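Please open your viewer and keep the selection panel handy.

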Amino acid sequence: MKTTDTRVRRAIAAVGAGRPVVITTGPQNNHEGYLAFAAEAATPQLLAFTVRHTSGYVRVGLRSAECERLDLPPICHRGDAGGDAGAHRVAVDWRGTGTGISATDRSATIAALATKSSQPSDFRRPGHVVTVEVGTAGVLGRPGPAEAALDLTRLAGRREAAGFCDIVSHHRPSAMARGGELLEFALEHALAVVSVAELVSYRRRIEPQVVRMAETVLPNRGSGFRAIGFRDAHGGGEHLALVIGDVGAGVPVPLHVHVECLTSDVFGSTACRCGAELDSALSDMRAGAGGVVIYLRPPGPMRACSLTQTEEVDSEQVSQTVAWILRDLGVYTVRLTDDAPGFGLVIFGAIRERGLRVAG
């Protein structure tokens, strides 16, 4: 098991047991840290510990549908604020509390926000616990601390509501804890530590990242290709798998991965090698025993070499997408073509992680 997977699973187990964990974000040597826990596990003792070691600005991440059900309106328009401020909803207090600010009162409010039977009338507005809207894709939609905390509760089998708050530096109380100090804090209090990036990578590996949408046969120069369309499970990416010839489970299948390039693929531009490599792979597969071409259209701006500023391809995300498409096709042993993209080694690693084999 990968070391990163071990850290993620320890964090999931801790949240499932009602214990807090440390979530880190940002660059490795300067990351910020958040104390996070399952909202339904909130107790006065846990909130007192949270307030003592954090900024005290305790938030609760909730799914969009739950924010609507509990009548928690946004506190500002999304277009008027940067970062995650647009996701912040109104702060509340549970009506069964006193002033709402004490650890006892806030723990009761947080637990009530996680209760399925809670109703909008159960809360006073404004209050002392800030609610934050989290999309259904979690960290795969937006890699932030609220999303990471909520994903951990879901993976732990808890109700999808999570408390979280920024950890304050012990050495410099006027600043936030960063880098190695977060690890010291976690070690001192025996807390599991997980980064948002590790959680993103873990979810990409264990959860299907594509959905099969359509299948047809495309006539091509006297032969036919099986064309199978896929859509990203999270995001707007759409992809196409072309299966040429007979693809058997026990024989290494030639594989060519191609990322869309409008200028070269459609208009034949020679400013880059994209189209030439695709044509070469198709010709070799038609002349040989067949193979699979995976044509990727990542979400975001159109890719057109020499026309638009081409963004760097997320090689890990692309590789996980390729691995899930191959698994859907029933292809378990592959051999990359000679024109493999620059992230070919990353694709090898992702394929192996999915239990597939790489020949050659």
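**Before you click**

This is a predicted model, in which local features need pLDDT of at least 70 and side-chain atom pairs count only at pLDDT 80 or more, while totals for chains, interfaces and linings use all residues. Residues are numbered from 1 along each chain as its sequence is written, and side-chain values use heavy atoms, with hydrogens and water left out.

**Stop 1: the whole chain**

Show the protein chain as a cartoon, and you will find 11 helices and 14 strands. Helices (H or I, at least four residues) and strands (E, at least two) are DSSP runs, numbered from the N terminus. Of the 360 residues, 49% are buried; buried means under 20% relative accessible area, exposed over 50%, and partly exposed in between (1.4 Å probe, protein chains only). Switch to a surface view: the chain exposes about 17,000 Å², and carbon and sulfur atoms supply 52% of that area. These areas come from the Shrake-Rupley method with a 1.4 Å probe.

**Stop 2: the seven-stranded sheet**

Next, select the strands of the open sheet, in the order β4-β5-β3-β6-β2-β1-β7, with mixed pairing. Two strands pair if DSSP finds at least two bridges between them. At the edges stand β4 (88–94) and β7 (193–195); each has a single partner strand, so one side of each is left without a neighbour in the sheet. From one strand to the next, the twist averages 40 degrees. As a reminder, strands of a sheet pair through backbone hydrogen bonds, either parallel or antiparallel.

**Stop 3**

Zoom in on β3, residues 59–63.

- β5 (residues 123–134) runs parallel to β3, joined by five bridges; look for R59 opposite V130.
- β6 (residues 161–166) pairs with β3 in the antiparallel sense over four bridges; here G61 stands opposite A162.
- β2 (residues 32–38) is joined to β6 by five bridges, and these two run antiparallel; A36 stands opposite F164.

**Stop 3**

Contact means heavy atoms within 4.5 Å. Axes are lines fitted to C-alpha atoms, for helices over the stretch in contact, and angles run from 0 to 180 degrees between N-to-C directions. Show side chains for T4, D5, R7, V8, R9 and I12 of α1, and for E198, L199, Y202 and R205 of α7, which make the contact.

**Stop 4: helix α5**

Select residues 145–155, helix α5, where nine of the 11 residues are buried. Among them are P145, A148, L150 and L152. Just after α5, G157 takes a positive phi of about 80 degrees.

**Stop 6**

T321 lies in α10 (residues 315–329) and is buried, at 7% relative accessible area.

Go on to C274 in α9 (residues 274–287), which is buried at 17% relative accessibility. Not counting residues up to four places away in sequence, C274 touches H258, C261, S264, D265 and C305.

Most residues other than glycine have a negative phi, and most peptide bonds are trans.
- The peptide bond from R125 to P126 is cis, with omega near -5 degrees; P126 is in β5.
- D71, in the loop between α3 (64–69) and β4, has a positive phi of about 55 degrees and is partly exposed at 46% relative accessible area.
- A190, in the loop between α6 (180–188) and β7, has a positive phi of about 55 degrees and is exposed at 67% relative accessibility.
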